[in-house]
Amino acid sequence: MIRSELIQKLSDENPHLYQRDVERIVNAIFEEIIEAMASGNRVELRGFGAFSVKQRDARTGRNPRTGESVAVEEKHVPFFKAGKLLRDRLNGDA
Amino acid sequence: MAGKTLTRMDLSEAVFREVGLSRNESSQLVERVLDLMSDALVAGEQVKISSFGTFSVRAKTARVGRNPKTGEEVPISPRRVLTFRPSHLMKDRVAAGNRD
């Protein structure tokens, strides 16, 4: 399923809404999650999962082609952990 | 890092601000988005949200695990696990936003 299919399904379920509004709604949800993580916050959606930010420490990396060592700065990366309900459903337990 | 935790309520609030729907309907729409995504994943589909990221389901075969406390061997049954691969845009924005 891709973003446009998600919008289409939600649109079909809500015939009283303009499709362009459904599009704005879906976009607002994903945008809010990105913004939260960009501000260092976490988003916990019980049953579905949680989005958080993990810190990767600075390290000395290596250019795999030349073997040269390069300093890699500390950075923050997005992380998602599936919620228990979704994990269980994936394995047919719910 | 600010370290706040947002919930469904904050997502509903974002929807409420974006379009002129009631708070109640906004929260129902958030729920439906999560349900539609979950259903697709449970059906084994990949969920690909451009400029956000991709959720995919991977099958893992059975293996022998070990209870780290007792050292006892325990069989781990085959299972499906969910992985999320953030888009470049998400990675860039999260990295930029958390740089000090």
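Predicted model: local features only at pLDDT ≥ 70, side-chain atom pairs only at ≥ 80, totals over all residues.
Local features are given for pLDDT of at least 70, side-chain atom pairs count only at pLDDT 80 or more, and totals for chains, interfaces and linings use all residues. Residues are numbered from 1 along each chain as its sequence is written, chains are lettered from A in the order in which they are written, and side-chain values use heavy atoms, without hydrogens and water.

In chain B, three strands make up an open antiparallel sheet ordered β2-β3-β6, where strands are DSSP runs (E, at least two residues) and helices likewise (H or I, at least four), numbered from the N terminus, and pairing requires at least two DSSP bridges. Because β2 (47-49) and β6 (79-86) of chain B each have a single partner strand, they stand at the edges, with one side of each left without a neighbour in the sheet. Helix α2 (residues 23-42) of chain B lies across β2, β3 and β6 of chain B, at about 35° to β3(B); axes are lines fitted to C-alpha atoms, for helices over the stretch in contact (heavy atoms within 4.5 Å), and angles run from 0 to 180 degrees between N-to-C directions.

A second open sheet, of mixed pairing, has the order β5(A)-β2(A)-β1(A)-β1(B).

| Antiparallel pair | Bridges | Residues opposite each other |
|---|---|---|
| β3(B) (residues 53-60) and β6(B) | eight bridges | Ala59(B) and Arg80(B) |
| β1(A) (residues 42-45) and β2(A) | three bridges | Glu44(A) and Ala50(A) |

In helix α3 (residues 88-97) of chain B, Met90(B), Val94(B) and Ala95(B) are buried, that is, under 20% relative accessible area with a 1.4 Å probe, protein chains only. Their cover includes α2 (19-38), β2 (49-56) and β5 (75-82) of chain A together with β6 of chain B.

Terms used. Buried < 20%, exposed > 50% of the residue type's maximum accessible area, 1.4 Å probe, protein only.
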